[in-house]
Amino acid sequence: MAVPTAEAVNGGLKMGSVSQAYLASKAVKETKSLISELCRQFYNLGWVSGTGGSITMKVHDSCIPKPQQLILMSPSGVQKERMEPEDMYILSGDGSMISSPSPKPYPHKPPKCSDCAPLFMKAYHMRNAGAVIHSHGMESCLVTMINPLSKEFRITHMEMIKGIQGHGYYDELVIPIIENTAYENELTDSLAKAIEAYPKTTAVLVRNHGIYIWGDSWISAKTQAECYHYLFDAAIKLHQLGLDWSTPDHGPIQNVEGVSGVNGRINVSTKARTVDSNYKIERFPRCIVLDIEGTTTPISFVTDVLFPYARNNVGRHLSATYASAETQDDIKLLRSQVQDDWKQGVIGAVPIPLEDAGKEEVIAALVANVEAMIKADRKITALKQLQGHIWRAGFENNELEGVVFDDVPEALEKWHALGVKVYIYSSGSRLAQRLLFGNSNFGDLRKYLSGFFDTTVGNKRETHSYGEITESLGVDKPSEILFVTDLYQEATAAKAAGLEVVISVRPGNGPLPENHGFKTINSFLEI
């Protein structure tokens with residue numbers, strides 16, 4: 001099928017014969033009707049009342065590359081609930097106007113394409129979107145007004161976060177907020193900057209105005225729009241109850257001297273600071289990212305308890321769960337890793353036979369490889385994922401209990417009260433991290449934690465990993481993040497990414513290089 005094209009004629013555009021035929025195709029007609037239908041739904045939800053708000057989507061056609069697919073947009077200044085399919089504008093993939101609706105008699109206004117068009121095009125070009133929704137929903141407006149200085153909306157530990165692309169229940173959802181302008185198209189540059197600054201976001205809030213939401217398809221955009229509005233409504237109601245929507249436990253809003261309110265910037269007064277050891281802070285960090293081994297938890301707990309437990313139970317675990325989808329996924333990941341190890345001549349790598357060799361043969365080879373990986377302290381996802389599943393069984397059977405240093409719970413509680421977001425970054429899987437802090441010797445500490453990172457974002461000794469974390473946290477600059485670790489190599493990588501770094505000096509930790517140049521702490525209470 002020919003790709004729709006437009007050519008300029010006397011300052012306007014006309015369609016070639018092939019494209020004119022395409023305009024009457026079933027795909028175009030169905031997309032027009034779908035926009036009309038969705039606008040009626042959105043009107044009933046209060047998203048597009050008073051002629052405000054808009055929607056646009058591409059005409060899906062598997063024969064045409066997505067960037068070149070036709071774009072349909074709703075008109076501006078019309079009653080969205082009364083729109084008809086013939087009211088839609090049709091644009092080319094680059095935003096050129098192809099087809100406009102015919103004028104309607106008084107009292108209808110002359111047709112005009114959505115004022116949001118330049119902003120919609122940014123989402124199409126910068127995120128390869130399939131559809132974009134602009135909502136004037138009251139909740140999306142009010143949530144930006146609770147703290148007029150906040151540049152972001154942040155929320156975590158809410159079920160509906162799972163409906164946002166790339167997010168889970170434990171993740172922190174971060175949405176940038178840009179300032180409103182008198183005219184819609186004047187928002188274009190600031191929206192583009194927000195999209196660039198927050199590469200994982202699928203929405204941008206406009207203060208005192210509304211929200212722009214995009215997705216790979218109209219279903220994705222609609223689903224996320226419903227989840228975003230739910231979360232905004234929940235945040236407003238939590239705030240009305242005096243509860244902090246941005247913290248994991250959604251506890252009472254803390255009125256700490258020198259600290260701004262919900263989702264605001266941290267600005268701690270001198271009285272709120274603790275200065276000790278050789279670590280002195282110029283300002284309190286906005287986010288703190290903690291290593292586990294040798295930082296929150298004794299190295300001996302990992303080496304003398306967790307690792308032996310996994311090593312001693314790997315065969316039992318694989319035998320008991322062999323047929324489960326989870327274990328089969330673990331085996332698939334280990335096969336791939338071992339194949340790479342075998343090709344590269346990694347010591348201890350043993351070929352894993354095919355399934356037809358029998359369950360016992362496969363498990364024996366897996367056990368041999370896992371034992372070698374644990375002995376070498378490999379920081380690889382295949383091993384860490386399996387270990388997490390083995391440890392989960394141990395915690396569930398009360399055979400394991402997580403251990404943290406005595407100062408950790410008090411520090412976590414203090415940072416939580418100050419509104420500082422705390423995250424974990426460990427070579428152990430996110431599951432293993434949640435198990436340790438959820439079943440610690442001080443009880444469940446997960447209520448103080450905003451999220452977990454593992455080696456899926458990258459190796460802890462590589463600078464780009466900390467860049468990934470910075471993008472995920474949505475801070476204005478990396479220096480707003482404090483990273484605490486016991487390892488010089490990790491500290492060096494984080495510092496190269498622009499993070500603030502301190503090294504944790506704990507009993508049992510390895511020696512540091514002389515003149516390493518980093519600030520050190522012996523307790524979290526020194527931060």
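These questions and answers concern salt bridges in a predicted model.

Reader: Why is the pair K104 and D87 called a salt bridge?
Author: The closest N and O atoms of K104 and D87 are 3.0 Å apart. A salt bridge needs a side-chain nitrogen of Lys or Arg within 4 Å of a carboxyl oxygen of Asp or Glu, so the pair of K104 and D87 qualifies.

Reader: What makes this pair a tie between parts of the chain?
Author: K104 lies in the loop between β6 (97-99) and α3 (117-127), and D87 in the loop between β4 (71-73) and β5 (89-91), so the pair ties together parts that are 17 residues apart in sequence.

Reader: How do you know whether D87 is buried or exposed?
Author: Its relative accessibility is 10%. Buried means under 20%, so D87 counts as buried.

Reader: Why is K104 called partly exposed?
Author: K104 has 34% relative accessibility.

Reader: Why do D407 and R506 count as a salt bridge?
Author: Their side chains meet at 2.7 Å, N to O, and the limit is 4 Å, so the name applies. D407 is in helix α11 (residues 407-418) and R506 in the loop between β16 (500-504) and β17 (519-521), 99 residues apart.

Reader: What makes D407 and R506 buried?
Author: D407 has 11% relative accessibility and R506 has a relative accessible area of 7%. Buried means under 20%, so both residues are buried.

Reader: How many salt bridges does this rule give?
Author: The count comes to 25.

Conventions. Residues numbered from 1 in each chain as written. Predicted model: local features only at pLDDT ≥ 70, side-chain atom pairs only at ≥ 80, totals over all residues. Heavy atoms only, no water. Helix = DSSP H or I, 4+ residues; strand = E, 2+ residues; numbered from the N terminus. Buried < 20%, exposed > 50% of the residue type's maximum accessible area, 1.4 Å probe, protein only.
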